[in-house]
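Trainee: I have a model open and would like to go through it with you. Could we begin with a single helix and then turn to the whole chain?
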Amino acid sequence: RAGPLRRECEVHPSSRRRQRSLRVFTEAQFVSAADAPRILYFPCPPGSRFAWARHAAGSQFALCGVTHTLSSESAALSLCDLLTAPYESYDSLICTSRAVADLVRAVTGAFAEYLADRFGGVPALRPRLEVIPLAVNPEKFRPPTADERKARRQQFGVADDEVMVLCVGRLSHHAKAHPFPVFHATDQAARRTGRKVHLVLAGWAAHPAVDRAYRDGAARFAPAARVSFLDGQDPQVRSGVWPAADVFVSLPDNIQETFGLVVVEAMATALPVVGSDWDGYRDLVTNGESGFLVPTQMIRGATNGATFRLLFGQTNYDHFLGECSQAVTVDLEAAADALSRLVGSAELRRQMGIAGRARAVERFSWEKVVRAYETLWAEQEREVMARGKSRCAVLSPVQYPAPEESFAGYATRWLTDSDLLRAVAGAPEVGVLAALPLTNVMPDRRCPDDTAIATLLKAADRPESVGNLAAILERAGSDAVKARATIAWLLKYGVLRSA
């Protein structure tokens, strides 16, 4: 599975420029290896499974992950895990926007209040929250030359006297952005300015009925403009449509949204943006400078009980998103005013495009974002090393202690290192036991060294303690657990017995 990653690292320019190297660890090696890296990064919120594994093993590494959509049931419950799983202050959750950080605080804060009421104390979120945006490649997304712009407009059927308004993204009125504000603003911009406005939606719908709904909606709500639909899943469209545009519009109203990477791509291409003042969009667009932010509204009480119905299966995720989005209003008049100003002024489009390009390069280039990640990781590593190492004597997760703890009441007697054992004369040969499937169960959990086992059995010709017999196997390279599991195996099949 690591093959594609290894090949990508070998050909990536940064690997040669910065002399990066790649080492591959299995999960078990990462948790237990002394030379493993000190940071474990996830392209999602950091998994609690690794927090529990670290806690049980006494390992020394920090966890780091990044948020994406946080509106699903599983995502919300994973945020609750941030309070109850053994996360530490040197772990971090990267939020792609300030709005997402506020969401995390709201969910964990409500759960912390419950924990305090139920169990007492002052539960708090231990991992640090860092706001670091997503990134764009400003060399791939860049202002087009005059020839490039002309060629792309011809390719996509945009006339010279048309102002092209571009939308890019999935066509989903319940789970992404309802198109009504865009249709309304485009129609009004064409009527108010007298310009020919060509709205291009480069996207894709999950179902033909949704695609048809969008086309019918465009005809009904934007009759003064020309509207075209392009396949946004076509790589040539996805990368090639930007140079043809004059204005970029994205007016989300959905709680599933968190950032808005297409906005950064538009800014890097030097397109002015009309976006919703919604979630992470307000971190991207400087209102009045690189574009316009359109106000949004919600009515308190309109969605009360929606999360309850989701958690208890009374509604599904799609219906939950649709219910929430129907309670969100994008200011139609403000959207129409903003788009009309841009459609009516080529100079305003140029100025805002230049400002957006500068902001994209300064704030959202891969160089700046990766540098922010590396700064965070360096801080985490320093704190991990300052905390020192605290390894448990036994690997024993607190949510399911080791069998000798969980099932301590099962056996008649538990042998310790001080108990004496002795080899049994005439017992089955170890080689025979190891060759039979019936008696060679879980061999990877035992010492594989036949010579060491023979030395152990010779030492057990007379009574010898469990601890001393285990030491023989440990000197041969087995760890403490495998050494004692090997002794248990020899006891199980009558090769050893209590003295």
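Trainee: Is helix α11 (residues 261-268) mostly covered or mostly uncovered?
Mentor: Helix α11 is mostly covered, with seven of its eight residues buried. Buried means under 20% relative accessible area, with a 1.4 Å probe and protein chains only. Helices here are DSSP runs of H or I, at least four residues long, and strands are runs of E, at least two long, numbered from the N terminus. Please note that this is a predicted model, in which local features need pLDDT of at least 70, side-chain atom pairs count only at pLDDT 80 or more, and totals for chains, interfaces and linings use all residues. Residues are numbered from 1 along each chain as its sequence is written, and side-chain values use heavy atoms, leaving out hydrogens and water.

Trainee: Which residues of α11 are the buried ones?
Mentor: They are V262, V263, V264, E265, A266, M267 and A268.

Trainee: And what covers them?
Mentor: The cover includes the strands β5 (162-168), β8 (247-250) and β9 (273-276). It also includes the helices α10 (235-240), α12 (281-284) and α16 (346-364).

Trainee: What follows α11?
Mentor: A270 follows α11, and its phi is positive, near 70°.

Trainee: Turning to the whole protein, how many helices and strands are there?
Mentor: There are 22 helices and 15 strands. The radius of gyration, taken over C-alpha atoms, is 31 Å, well over the 23 Å from the globule rule for 499 residues, so the protein is more spread out than a compact globule. That rule is 2.2 Å times the number of residues to the power 0.38.

Trainee: What share of the residues is buried?
Mentor: Buried residues account for 42% of the 499.

Terms used. Buried < 20%, exposed > 50% of the residue type's maximum accessible area, 1.4 Å probe, protein only. Contact = heavy atoms within 4.5 Å.
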